[in-house]
There are 2 protein chains.
Amino acid sequence: MTTAYLSHHAPWGAYASFILGEFGKGGGFALSDVHSPHRNVYVAYRVKGGAVHLLPFLSAPLGLGELAYQADADGKPRAAPTVRTLPGEELERRLGWASDEWRHGPFQFRLLSPFGEVPSPGVDDEALRRAVCPVILAELALDNRESDVPAELLFALEGVNRPLSDATGGALIGAACGRAWGVAALPSPGVEEIQDFDVIGAAFGERRPRVRRLGNAGGVMLTVPAGEIGRLVLTLGTYQGGTVTSGLDTSFYYTQFFSGLEEVLAFGLAQAGHFQALATTRDEELLRSGLSEDRQFLLAHATHGYLASTQLLVREDGQPLWVVNEGEYRMINTLDLTVDQLFWELRYHPWTTRNVLDLFAERYAFTDEVKWGEERLPGGLSFTHDMGVSNVFTPPGISSYETENLDGCFSHMTFEQLTNWTLSAILYGLIADRPWLSRQGERLEACLASLLARDLDGDGIMDVDSARTGDGAEITTYDSLDASLGQARGNLYLAVKTWASLVCLEHALTILGRDGERAGRQAQRAARRITDAFEPARGYIPALLSEESDACIIPAIEALAYPFLLGLRDTVTEQGPYGALVTALRRHLTTALQPGVCLDATSGGWKLSSTSVNTWLSKIFLCQFVAEKVFGVHSDPSWDKAHVRWQRVGAAAHGPTDQVRSTDGEALGSRLYPRLVTNVLWLPQPWAGQGVFDSPCKARPDGWR
Amino acid sequence: MTTAYLSHHAPWGAYASFILGEFGKGGGFALSDVHSPHRNVYVAYRVKGGAVHLLPFLSAPLGLGELAYQADADGKPRAAPTVRTLPGEELERRLGWASDEWRHGPFQFRLLSPFGEVPSPGVDDEALRRAVCPVILAELALDNRESDVPAELLFALEGVNRPLSDATGGALIGAACGRAWGVAALPSPGVEEIQDFDVIGAAFGERRPRVRRLGNAGGVMLTVPAGEIGRLVLTLGTYQGGTVTSGLDTSFYYTQFFSGLEEVLAFGLAQAGHFQALATTRDEELLRSGLSEDRQFLLAHATHGYLASTQLLVREDGQPLWVVNEGEYRMINTLDLTVDQLFWELRYHPWTTRNVLDLFAERYAFTDEVKWGEERLPGGLSFTHDMGVSNVFTPPGISSYETENLDGCFSHMTFEQLTNWTLSAILYGLIADRPWLSRQGERLEACLASLLARDLDGDGIMDVDSARTGDGAEITTYDSLDASLGQARGNLYLAVKTWASLVCLEHALTILGRDGERAGRQAQRAARRITDAFEPARGYIPALLSEESDACIIPAIEALAYPFLLGLRDTVTEQGPYGALVTALRRHLTTALQPGVCLDATSGGWKLSSTSVNTWLSKIFLCQFVAEKVFGVHSDPSWDKAHVRWQRVGAAAHGPTDQVRSTDGEALGSRLYPRLVTNVLWLPQPWAGQGVFDSPCKARPDGWR
């Protein structure tokens with residue numbers, strides 16, 4: 001399978017990534033964005049005085065930058081080195097959990113984007129400083145043991161405008177683009193700074209000097225003596241200083257630790273050992289995880305994408321503000337992503353989930369009305385879809401996405417966001433932070449009241465749309481899918497999520513010493529309503545509970561994840577209080593997982609809906625988890641193979657992509673997306689079996705370790 | 001002639017411009033750059049309920065932005081308004097000195113970029129605040145007097161992400177891109193904010209609301225009642241906060257007056273009357289100048305380009321730092337542009353020239369050696385080519401441009417920069433600031449010594465190259481022309497510039513009570529050397545004084561501008577002390593200004609060199625001034641017509657362009673360039689006849705008024 005797929009390589013919380021992986025399309029740094037700038041990335045080596053081997057990461061021919069200056073110049077002709085651009089097929093590539101490695105003959109090039117647990121601010125400044133430092137590492141190695149002449153290697157980037165030695169007195173070797181990003185090495189024998197329009201010529205050719213400050217490409221080269229292996233460690237760092245958001249003024253959290261780009265780059269090099277060890281730990285964990293190679297790839301690819309969208313900010317009052325941006329769409333803390341990324345965050349930094357939930361409660365909650373014909377009835381508490389877009393926070397109570405008078409994409413998701421906040425709060429609180437949860441009692445009761453207010457006929461599921469929809473109708477997170485998943489009212493996926501919210505509410509309110517029974521009774525009603533909709537003749541529950549529908553949808557089972565993860569195992573067994581529902585869903589799933597229903601007949605991958613070829617991998621991963629853990633489905637390895645193929649071939653140019661066409665994986669939307677880390681659920685949950693679920697309230701420290 | 005040429009519309013000193021003028025290519029704001037971002041610019045109107053008339057400023061089809069979200073959406077179909085994109089031929093366009101106006105039927109759209117005298121910092125804060133405020137104005141008008149239904153007009157930009165009313169509580173109406181740029185109006189009846197993916201639909205269609213915060217385009221619309229003329233005044237503003245440069249840390253000067261984008265936009269609207277009056281004053285001055293329509297266009301076009309490259313910064317110690325960036329190349333204060341832009345700056349803000357000269361003396365001067373075979377001899381004082389590139393200041397004594405071991409483009413310009421600093425300092429000092437000049441006595445003597453040190457054989461002109469050239473050779477500002485102008489040693493253009501420097505030095509040193517005679521004697525030697533090279537048989541002085549050359553070059557006369565402008569009229573007459581030189585140059589010019597020599601046989605425009613089709617308009621304008629004022633050449637109107645055609649047709653897509661192909665004006669380099677304002681010399685010099693030249697030293701206040 002081709003090794004030409006785009007990947008992010010991003011530090012945690014910096015909303016910045018170094019993008020690479022497509023052949024012939026370049027790459028480079030994206031800041032406050034996740035799109036590739038498609039600039040030339042020069043990775044090259046030469047052994048035995050032969051041709052320069054250039055990895056296929058250029059987007060434009062060599063040396064174009066200089067032409068604008070030389071309409072009719074008559075300088076000396078310069079001998080150019082022979083360059084061979086390596087065909088992609090000659091490269092070996094391996095994506096690790098925290099690494100990305102290319103090999104060609106004696107040459108190795110690795111990008112390391114280490115990640116791990118991040119302490120809550122205020123707990124351990126040194127650990128936090130390392131975690132938020134906006135750098136990744138590059139490692140290059142060249143085996144010159146079989147040669148009797150020196151060999152050279154080069155790493156350089158288009159878009160720079162200054163050599164780093166200028167501002168550091170030579171303490172750093174490399175190149176930078178203004179104050180924004182750069183690549184640096186420590187001075188060492190054989191290490192040289194390169195800047196030129198033609199960095200290949202400057203590094204491998206006769207031209208001297210090696211630094212021309214007008215040149216728009218630059219980096220670092222290493223000369224490796226004959227008979228040795230040469231190794232070069234680089235930091236690739238970014239710095240976005242000052243106030244970076246509007247609506248709510250914030251700066252990057254790391255600006256409190258680092259004064260500028262040079263300090264970031266130097267710190268990255270000083271701490272290279274720490275970062276390398278952390279990357280190795282993650283890589284080895286994944287290798288030893290027992291997951292198939294395909295699942296290892298899917299988790300590693302998803303992780304790279306998630307990190308690229310993360311952003312730790314600090315408010316003017318010094319409080320941290322966590323954002324996961326929504327991939328190509330750049331929306332801030334989309335709540336229907338928060339609930340899916342929770343699984344990741346509970347593992348490594350649960351306090352970020354709390355941070356998002358608190359900001360929703362503080363600024364993006366509202367008291368709704370619902371529509372009943374021409375009437376407006378009290379709707380209760382809900383939450384907006386998001387907090388803004390592209391570093392702009394929307395005003396309180398307003399999202400950037402939701403618009404009135406629509407019934408498709410861009411309409412309101414009021415009901416679903418209510419379930420998303422509820423589920424996220426309960427999972428976060430019970431698993432990681434009982435003291436926080438205990439302060440949410442009233443708000444959870446308000447969530448319950450709001451769920452109840454939206455069920456006018458008392459059958460447990462949503463009947464009425466938010467008045468905010470105007471003359472439109474509510475939708476779900478599956479906004480761009482067809483009615484089988486996109487419409488909110490009577491939606492099977494949302495009905496089961498409603499049931500799950502009620503089950504979790506019953507549990508949480510009871511633990512908090514509040515009245516959980518009302519939630520339990522409503523959960524029973526919802527379960528019955530859903531179970532009653534099972535059609536034995538068809539073998540599944542049609543996607544729309546109150547309208548004609550032929551669609552069979554996999555996400556009917558999605559929300560079983562939440563009670564399961566809370567350890568409420570009896571609620572998701574066929575022998576438990578909701579046994580009839582679980583049985584109906586088991587049979588539903590059996591029907592769904594057949595070729596031509598929800599297995600794509602061409603590719604063999606999962607289709608979320610039998611009536612759409614638009615399918616979403618983050619949700620597939622989550623539903624695979626439920627299918628396997630709750631229903632004991634034995635995963636067919638061909639399914640994962642198809643999903644890998646979608647990412648590595650169909651959507652390869654768009655990085656980790658959520659929405660793809662099920663026939664071939666072509667990207668249909670949600671490109672460069674963070675949500676795919678739902679597949680971290682394939683790993684054992686670190687909190688499982690620790691007795692945190694059903695015991696009486698107990699305090700847990702900030703920063704789940 | 002086509003009206004489709006790109007223009008900058010820029011406030012003074014903000015290194016930011018709103019770019020518009022090409023058809024089908026969009027435009028938009030460029031910050032710390034002068035390249036068009038090629039984003040959609042929506043300028044549209046509708047009368048009598050007919051089709052929406054859209055000016056041809058889109059670079060992409062309508063509504064593309066939304067597609068990424070809607071792979072398979074099933075929202076309500078929306079009625080789209082009928083849109084007619086106006087063919088460029090239907091538009092009338094008029095570029096004024098401080099305005100740019102498009103008309104179509106009842107609709108008028110104007111961009112105002114007013115400019116004028118700018119006081120030196122510390123003299124008049126209020127005037128300076130207005131001068132540096134980073135805004136321009138847009139005015140739209142729609143005549144709806146002949147209709148009985150309301151009409152609408154729209155101005156909107158692609159790339160926004162927030163409505164301005166959010167952050168201002170409705171005090172401003174419009175849209176912004178983060179904290180960086182925006183367009184604003186004051187609230188007023190009929191004025192509405194627009195934001196959407198499809199702003200045409202939002203403004204003219206059925207869709208509501210008119211603000212969708214996820215939409216990537218936005219601006220302002222105005223509804224004009226039946227029977228009225230509607231007028232809308234907008235500010236288009238930018239804000240680049242924080243430290244923006246590296247190498248030398250500086251911020252934009254205006255950040256001391258304005259805290260952010262909203263304040264800039266509001267100030268622009270509050271001061272709209274001032275800005276409109278200032279633009280009108282400039283427009284009318286040009287209209288009444290007596291210049292031909294062609295020359296008016298060339299000056300107006302040049303002015304727009306110059307302003308786009310200007311940048312007033314403030315250093316950490318509070319001192320102002322003036323930069324003119326070098327067009328598409330973005331080099332900082334290129335000294336061979338400073339000497340040409342001096343004519344403009346002496347008119348409006350001479351203190352900026354002093355600022356640049358002082359920074360060259362402080363940081364970018366060096367003591368040179370020259371090469372004599374293998375020997376290195378003392379070379380004396382000189383100056384670097386520039387101070388850095390793209391907001392990066394190079395280390396002291398180093399330019400971004402100059403590189404060793406070359407003999408063409410990118411080599412050193414040491415000798416020419418020595419003449420450039422000398423001439424600029426003397427013109428600035430004598431015309432605008434005698435006290436400053438009186439402090440430069442020693443430095444001017446060092447300049448003279450350096451000129452002498454580079455003339456080993458005592459014939460008055462340069463013999464030896466700077467040791468900085470390594471095994472290469474010095475070049476001139478005409479770097480990308482052929483040897484007739486590009487090579488420094490023995491170059492006729494540079495020889496006359498050397499003579500002019502010596503003449504000016506003699507004058508200045510004498511006024512300062514120092515020994516000017518040594519300069520005068522050397523000027524005589526240079527004059528003789530040049531005069532002796534006149535070849536009567538050919539009728540001109542070949543371009544290379546020490547080598548075979550057939551080239552006849554117009555810039556042989558260029559440097560006569562300096563003594564002429566200093567009022568040293570006797571030095572540039574055939575009856576004066578350099579009469580033989582002036583006679584030779586008059587005959588040279590007569591030969592040059594013949595078809596097939598330096599008049600392009602195809603276009604009729606001026607070719608700087610008979611041996612190259614690469615010709616430079618800024619230098620043509622300067623040489624036209626000399627030809628007319630010094631030699632009494634009667635300008636053939638067809639020459640200016642050809643030059644207009646080069647800018648409006650050949651290089652139209654590249655904005656004000658310096659280097660063009662003389663046959664058809666195709667851009668060969670130096671696009672989006674500031675230097676074309678040499679043509680301000682076509683206007684009377686405000687300092688002429690004020691007796692500032694030959695009188696004993698007298699103090700002049702800062703900030704020439």
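Which residue caps the N-terminal end of helix 13 of chain B? Here are my notes, starting with that one. This is a predicted model, in which local features need pLDDT of at least 70 and side-chain atom pairs count only at pLDDT 80 or more, while totals for chains, interfaces and linings use all residues. Residues are numbered from 1 along each chain as its sequence is written, chains are lettered from A and ligands numbered from 1 in the order in which they are written, and side-chain values use heavy atoms, leaving out hydrogens and water.

1. The cap is B:Asn491, with a side-chain oxygen 2.7 Å from the backbone nitrogen of B:Tyr493. Helices here are DSSP runs of H or I with at least four residues, strands are E runs of at least two, and both are numbered from the N terminus. Just after helix 13 of chain B, B:Gly513 takes a positive phi of about 75 degrees.

2. Helix 13 of chain B has 20 residues and spans 29 Å from its first C-alpha to its last, close to the expected 28 Å (1.5 Å times one less than the number of residues). Of its 20 residues, 17 are buried. Buried means under 20% relative accessible area, exposed over 50%, and partly exposed in between, with a 1.4 Å probe and protein chains only.

3. Over all chains there are 72 aromatic pairs. Rings of Phe, Tyr and Trp (its six-membered ring) pair if their centres lie within 6.5 Å; planes under 30 degrees apart count as stacked, over 60 as edge-to-face and the rest as tilted. One edge-to-face pair is B:Phe257 with B:Phe258, at 6.4 Å centre to centre and 65 degrees between the planes; both residues are buried.

4. Another edge-to-face pair joins B:Trp499 and B:Tyr578, at 5.2 Å and 85 degrees. B:Trp499 lies in helix 13 (residues 492-511) of chain B and B:Tyr578 in the loop between helix 15 (561-565) and helix 16 (579-592) of chain B, so the pair ties together parts that are 79 residues apart in sequence. B:Trp499 is buried at 0% relative accessibility, and B:Tyr578 is buried at 5%.

5. B:Arg212 lies over the face of A:Phe410, 4.6 Å from the ring centre, and B:Arg648 over that of B:Phe297, at 5.1 Å.

6. Now for strand 4 (residues 41-46) of chain A, where six of six residues are buried. A:Val41, A:Val43 and A:Tyr45 lie on one side, and A:Tyr42, A:Ala44 and A:Arg46 on the other. In a regular strand the side chains alternate between the two faces of the sheet.

7. Which strands pair with strand 4 of chain A? Strand 11 (residues 151-158) of chain A runs antiparallel to it over six bridges, with A:Tyr42 opposite A:Ala156. Strand 5 (residues 52-54) of chain A is also antiparallel to it, over two bridges, and A:Tyr45 stands opposite A:His53. Pairing requires at least two DSSP bridges between the strands.

8. Two backbone angles deserve a look. Most residues other than glycine have a negative phi. A:Lys48, in the loop between strand 4 and strand 5 of chain A, has a positive phi near 55 degrees and is exposed at 52% relative accessibility. A:Ser32, in the loop between strand 3 (28-31) and strand 4 of chain A, has a positive phi of about 50 degrees and is buried at 9%.

Technical notes
A charge sits over a ring if NZ of Lys or CZ of Arg is within 6 Å of the ring centre and within 35 degrees of the ring normal. A polar contact is a pair of N or O atoms within 3.5 Å; within protein, one must be able to donate a hydrogen and the other to accept it, and residues adjacent in sequence count only if both atoms are side-chain atoms.
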